[in-house]
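Hi,

Here is the structure I said I would pass on. Have a look at it first, and my notes come after.

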Amino acid sequence: MAYWLFKSEPNTWSWDDQVAKGDAGEEWDGVRNYQARNFMREMKLGDLAFFYHSMKEKSVVGIVEVIALVHPDSTTDDPRWECVDIKAVRPFVKPVTLDQIKETKALADMVLVKNSRLSVQPVTQAQWQLVCEMGETQP
């Protein structure tokens, strides 16, 4: 299993929006960055990811699961753009902020710290465990 992070502006697509989709989940559409798209191409069914609210909140707020492999993004006719489907698994007990992540030496190499603008990014197993511990949330 691999671990990932999906970033979303809560006024565009929030954790509550994701939860409302239930087990059917939702396409992670609208990604127009080659690196983020390529990460989605690497995803496998059952991979887990952090759901991260960007903009003002800047925090990990939940865990999602990849439930459909990469496929054409339904929001465009351009064949270059693809997406996966995800469903909410559980919220974080305590959201973990970007500031907390940046202040944690063991997370200094996290992509979120080095390239906070990338909307889909990998997370190592050690980073996954530590962020879950910080958020008092079962990995």
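Below is what turned up, starting with the sheet and ending with the pocket.

A word on the ground rules: this is a predicted model, where local features need pLDDT of at least 70, side-chain atom pairs count only at pLDDT 80 or more, and totals for chains, interfaces and linings use all residues. Residues are numbered from 1 along each chain as its sequence is written, and side-chain values use heavy atoms, with hydrogens and water left out.

**The sheet**

There is an open sheet of six strands with mixed pairing, in the order β2-β5-β4-β3-β1-β6. At its edges sit β2 and β6 (120-123), each pairing on one side only. Helices (H or I, at least four residues) and strands (E, at least two) are DSSP runs, numbered from the N terminus, and two strands pair if DSSP finds at least two bridges between them.

At the β2 end, two bridges link β2 with β5 (residues 82-97) in the antiparallel sense. There, Glu 26 faces Ile 86 of β5.

Further in, β3 has parallel pairing with β1 over six bridges, and Lys 7 is opposite Tyr 52 in β3. β3 also runs antiparallel to β4 (residues 59-72), again with six bridges; Phe 51 has Gly 62 in β4 as its bridge partner. β3 and β4 make a hairpin with five residues between them, and Met 55 in that turn has a positive phi of about 70°.

**What is buried**

Strand β3 (residues 48-53) is largely enclosed by the rest of the structure, because six of its six residues are buried. For this, buried means under 20% relative accessible area, exposed over 50%, and partly exposed in between (1.4 Å probe, protein chains only). In a regular strand, side chains alternate between the two faces of the sheet. In β3 both faces are covered: Leu 48, Phe 50 and Tyr 52 are buried on one side, and Ala 49, Phe 51 and His 53 on the other.

On cysteines: the structure has zero disulfides, a disulfide being a pair of cysteine sulfur atoms within 2.5 Å. Cys 83 counts as buried at 0% relative accessibility, and Cys 132 is buried at 1%.

Asp 29, in the loop between β2 and α2, is partly exposed, with a relative accessible area of 32%.

Which residues are closest to the centre of the largest pocket? The pocket itself has a volume of about 510 Å³. Of the 17 residues lining it, Lys 7, Ser 8, Glu 9, Ser 54 and Ser 119 are the closest to its centre. β1 (3-8) and β2 (26-27) are the elements that give two or more residues to the lining.

A pocket here is an open set of points on a 1 Å grid over the protein atoms alone, where a 1.4 Å probe fits, with protein on both sides within 12 Å along at least five of seven lines; lining residues have an atom within 4 Å of a point. Its volume is the space filled by probe spheres set on the points, which are joined across faces, edges and corners.

Cheers
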